[in-house]
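Have the model open beside you as you read.

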Amino acid sequence: MTPQHHLPADIERTSMGIITAELAARGLEIPPENAAVVKRVIHTTADFDYAENLRFTPGAVAAGLAAVRGGTIITDTNMALAGITKPGLARLGGQALCFMADPTVAAAAKADGTTRAVAAMHKAAREYPGAVLAVGNAPTALLTIAEEIEQGLRPALVIGVPVGFVNVVESKERLYATCAQYGVPAIVAMGRKGGSNVAAAICNALLYAAAEMLDPKARGWS
């Protein structure tokens, strides 16, 4: 085998071209405002199911683009945090945080007999009520966010994409219904699929679009 493409920018552009062509061949039409997010997730996972299972509340992407300009993203895992583009955050003057390793979160979880994901989302609600909340692992985090929204929390955007078999489908459905009811922007991967890499990919799609970095050349790639 002789690789046809060698440089990172060329590889990404070619990959995105393949994704666009295959979406068309499958008869999958993505609303233009959601296309960057859907294609970035497919690029990350090589899974075209996301073209159909990613669900967006009206105006979710526009809300996300506004929120990442100088705003805060809070993830439920350090893996998702590590995957979020640091140049994109820097260009927009934003920050990304994860509280899972915070000693106060661990102490609160132990005292309340709950998970660190739950305690971390309560902390996020208290300290960063207008943040983007990006959940790729913990269904309990989604349920906590839904409860906080019912009590008055209004995140800028909720990204709900946990992966797994236990409480995953139900937590996503509960979150999406709650966000729709209270007018909170949300992007949710319905069903079992998702993960920290998907949460990071959605964040990156928003950051790249907001920072005009969708083309890899704008990120300094050859």
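A residue is called buried under 20% relative accessible area, exposed over 50% and partly exposed in between (1.4 Å probe, protein chains only). Glu12 is buried by that rule, because its relative accessible area is 5%. The model is predicted, so local features need pLDDT of at least 70 and side-chain atom pairs pLDDT 80 or more, while totals for chains, interfaces and linings use all residues. Residues are numbered from 1 along each chain as its sequence is written, and side-chain values use heavy atoms, leaving out hydrogens and water.

Now to the partners of Glu12. The structure holds nine salt bridges (a side-chain nitrogen of Lys or Arg within 4 Å of a carboxyl oxygen of Asp or Glu). In one of them, Arg219 pairs with Glu12, with the closest N and O atoms 2.8 Å apart. This pair links distant parts of the chain, since Arg219 sits in the segment after helix 11 and Glu12 in helix 1, 207 residues apart. Helices here are DSSP runs (H or I, at least four residues), numbered from the N terminus. Arg219 counts as buried too, at 15% relative accessibility. Through shared partners, salt bridges join Glu12, Arg40 and Arg219 into one network.

The largest nonpolar core has 75 residues, and Leu54, Ile73 and Ile202 have the most contacts inside it. Helix 11 (residues 196–210) gives the most to this core, with eleven residues. Such a core is a set of buried Ala, Val, Leu, Ile, Met, Phe, Trp, Tyr and Cys residues joined through side-chain atoms within 4.5 Å.

How values were computed: Helices (H or I, at least four residues) and strands (E, at least two) are DSSP runs, numbered from the N terminus.
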